[in-house]
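Here is a friendly walk through one protein model, one region at a time. Keep the viewer open as you read.

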Amino acid sequence: MTEKEEKTYSISELAKEFDITTRSIRFYEDQGLITPLRNGQTRIYSKRDRVRLKLILRGKRLGFSLAETGQLFELYDADKSSVTQLSTMLKLIELKKAELHQQMDDIKVVLMELVTVEKRCRDTLADAKQHKTA
């Protein structure tokens, strides 16, 4: 297949495939993350755009911001060997993991506080009921 014959996609095809809205796809385009060709008002998405869209959505699921995803795309475009991109990705993964561990620690603290408050409420309620019947 030559470059001209490369498979292309419409915005509705991609929206359906990835179960997202066409508005989301246009937003990613506005952010410069994907760059479809245009035929008048019609957007024509390439295989590259489709792959990038898939990576954007995967990055979102992993907690990466669009700016971080865009940074990785820029690094890849500048260095096709992926060495810089992979090194940056590893740094981002470490930061994301540290952030998630901190969130888990914070959640554990909040859960312990809730258990303590719940116990106090139950004890106070039991005392109130006991005094009411006395």
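## An aromatic pair

Phe27 has a relative accessibility of 39%, so it counts as partly exposed, whereas Tyr28, at 4%, is buried. The cut-offs are these: buried means under 20% relative accessible area, exposed over 50%, and partly exposed in between, using a 1.4 Å probe and protein chains only. These values come from a predicted model, in which local features need pLDDT of at least 70 and side-chain atom pairs count only at pLDDT 80 or more, while totals for chains, interfaces and linings use all residues. Residues are numbered from 1 along each chain as its sequence is written, and side-chain values use heavy atoms, with hydrogens and water left out.

How many aromatic pairs does a search of the whole structure find? It finds one. The ring centres of Phe27 and Tyr28 are 6.1 Å apart and the planes meet at 65°, so this pair is edge-to-face. For rings of Phe, Tyr and Trp (its six-membered ring), a pair needs centres within 6.5 Å; planes under 30 degrees apart count as stacked, over 60 as edge-to-face, and the rest as tilted.

## The nonpolar core

The largest nonpolar core has 15 residues, and those touching the most other members are Leu14, Ile25, Tyr28, Tyr45 and Leu53. Such a core is a set of buried Ala, Val, Leu, Ile, Met, Phe, Trp, Tyr and Cys residues joined through side-chain atoms within 4.5 Å. Two or more residues come from each of α1, α2 and α3, and α1 gives the largest share, four residues. Helices here are DSSP runs (H or I, at least four residues), as are strands (E, at least two), numbered from the N terminus.

Setting aside residues up to four places away in sequence, Leu14 touches Tyr9, Ile25, Tyr45, Arg50 and Leu53. A contact means heavy atoms within 4.5 Å.

Helix α3 covers residues 47-61, 15 residues in total, and reaches 21 Å from its first C-alpha to its last, close to the 21 Å expected at 1.5 Å a residue. That expected span is 1.5 Å times one less than the number of residues. Asp49, Arg52, Leu53, Ile56, Leu57 and Gly59 are the buried residues of α3. They lie on the same side of the helix because they cover an arc of only 160° around its axis, taken from the directions between the helix axis and the C-beta atoms.

The buried residues of α3 pack against α1 (11-18), α2, β2 (42-44) and α4 (66-78). On the face turned away from that buried side sit the exposed residues Lys47 and Arg61. Just after α3, Gly63 has a positive phi of about 95°.

Glu29 belongs to helix α2 (residues 22-30) and is buried, because its relative accessibility is 16%. Beyond neighbours within four places in sequence, Glu29 contacts Ile34, Pro36, Arg38, Arg43 and Tyr45.

Asp19 sits in the loop between α1 and α2 and is exposed, with a relative accessible area of 71%. Its phi is near 55°, a positive value in a residue other than glycine. Most residues other than glycine have a negative phi.

Leu37 lies in strand β1 (residues 37-39) and counts as exposed at 62% relative accessibility. Leaving aside neighbours within four places in sequence, Leu37 is in contact with Thr42, Arg43 and Ile44.
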